[in-house]
Amino acid sequence: MSSKHHKIRVGISIGDFNGIGPEIILKSLKDKSITDFFTPVIFGSGKLFTYQKNVFKLQTNFNYINSAKEAQSGKINMVNLTKENSNVEFGVPTEESTKMAIDSLESATQALLDNEIDVIVTAPINKDEMMKYGFAHAGHTGYFEEKAGKKAIMFMVTNDLKVAVSTHHIPVAEIAQNISKEKLKKQITQLTKTLKEDFCIEKPKIAVLGLNPHAGDGGVIGKEEIEIIEPAIKELFNNGTLAFGPYPADSFFQPEKYKAFDAVLAMYHDQGLAPFKTIAYEEGVNYSAGLPFIRTSPDHGVAYDIAGKNRADERSFSEAIFTAIHIFKNREEYHDLMSNRLRPKAAHVNNGIDEDLPMENN
């Protein structure tokens, strides 16, 4: 459904309720005017959130519903997944909190696939605990890839810094064997498409980091740059994609360097996320790029160490909500422009009759 006809419906999965998930959700929605901008739809438990809002001394009111299609504009909607009391044990993952995290995520995702919500924002989960109870993925990204039937790119974004990772939740020992020229070409091509469609950047420039220290030092410290990364960049560049590198990762994340590009592709999780979280921890957003739907999350975890202490900072979660909304609107606008654009035509005269023929592609 187009955002021109309704406020964007933001589905929210609650994560592990013994972590900081409900706290950052409640704090993100505490301003009474928040529903002027979008329609929140939380997939959780009324009793659980009533308990937690009392802990954090917040005055949030909910509209309790049985499914997302009943959500009302102007209200904070709560899809009540259970009417039972929840046993909250802040700082400790339990079977109950883990199963609720799975139920919330699956319910919100199904609502997204059924077009009952427009975007999904996910609160932090405990991946290890969820896998014990049948969750088959090492994180949200793999889960959403399975639901979409497409590969996603973990893309960490702020206004000034956007970092994608070629490989994410795999052991360090397996990184090199999971990098190939064709994979990098697909990822850089997808990043270019994402930056155009979702972030309104007309001619995106992408910096690609090397895998090895000093980007291999000309082959002295590994040959992946020479054999895989450089050829991928060169082929794409020769075909019009503005990809550059590979750059040594240890010296790249200085403002005068990374701000010259619209996005950065790192080779592995910590190579990209460690500097990103250092630079943009309070406002960073994790975006699953390349999927047919929009999913964002804060760039931090469950934070058991501060759970229940009213110390969680909601800014990254708030940014995740508004980033999802902005991407949804940008994507709509882009697709509208592409569908309504005038196709270039050339006049052709045949026996005195003008005929419009499509121009040849160069």
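## Helices α3 and α5

Helix α3 (residues 95-113) and helix α5 (residues 140-148) have axes that come within 12 Å and cross at roughly 35°, where axes are lines fitted to C-alpha atoms, for helices over the stretch in contact, and angles run from 0 to 180 degrees between N-to-C directions. The crossing of α3 past α5 is right-handed, meaning that the near helix is turned clockwise from the far one by less than a right angle. L105, E106, T109 and L113 of α3 make the contact with H140, Y143, F144 and K147 of α5, contact being heavy atoms within 4.5 Å. By class, this contact has 4 nonpolar, 2 polar and 2 charged residues, with Leu, Phe and Tyr among those counted as nonpolar and Glu and Lys among the charged.

## Basis of the description

The model is predicted, so that local features need pLDDT of at least 70 and side-chain atom pairs count only at pLDDT 80 or more, whereas totals for chains, interfaces and linings use all residues. Residues are numbered from 1 along each chain as its sequence is written, and side-chain values use heavy atoms, with hydrogens and water left out.

Helices (H or I, at least four residues) and strands (E, at least two) are DSSP runs, numbered from the N terminus.

An open sheet of mixed pairing is formed by 12 strands, in the order β3-β4-β2-β1-β5-β12-β11-β6-β7-β10-β8-β9; two strands pair if DSSP finds at least two bridges between them. At its edges are β3 and β9 (242-247), each of which pairs on one side only, and the twist averages 25° from one strand to the next. Helix α10 (residues 315-340) lies across β1, β5, β6, β11 and β12, running at about 160° to β12.

## Strand β8 and its partners

Strand β8 (residues 205-209) runs parallel to β10 (residues 263-266), to which 3 bridges join it, and V208 stands opposite L265 in β10. With β9, β8 pairs in the parallel sense over 4 bridges, and there L209 has Y247 as its bridge partner. Because 4 of its 5 residues are buried, β8 is largely enclosed by the rest of the structure; buried means under 20% relative accessible area (1.4 Å probe, protein chains only).

## Helix α2

In helix α2 (residues 46-55), the buried residues are G46, L48, F49, Q52 and K53. Seen down the axis of α2, these buried residues fall within an arc of 155°, so they line one face of the helix, the arc being that of the directions from the helix axis to the C-beta atoms. The buried residues of α2 pack against α1 (21-28), β2 (39-44), β3 (63-65) and β4 (77-80). Just after α2, K57 takes a positive phi of about 55°.

How values were computed:
Buried < 20%, exposed > 50% of the residue type's maximum accessible area, 1.4 Å probe, protein only.
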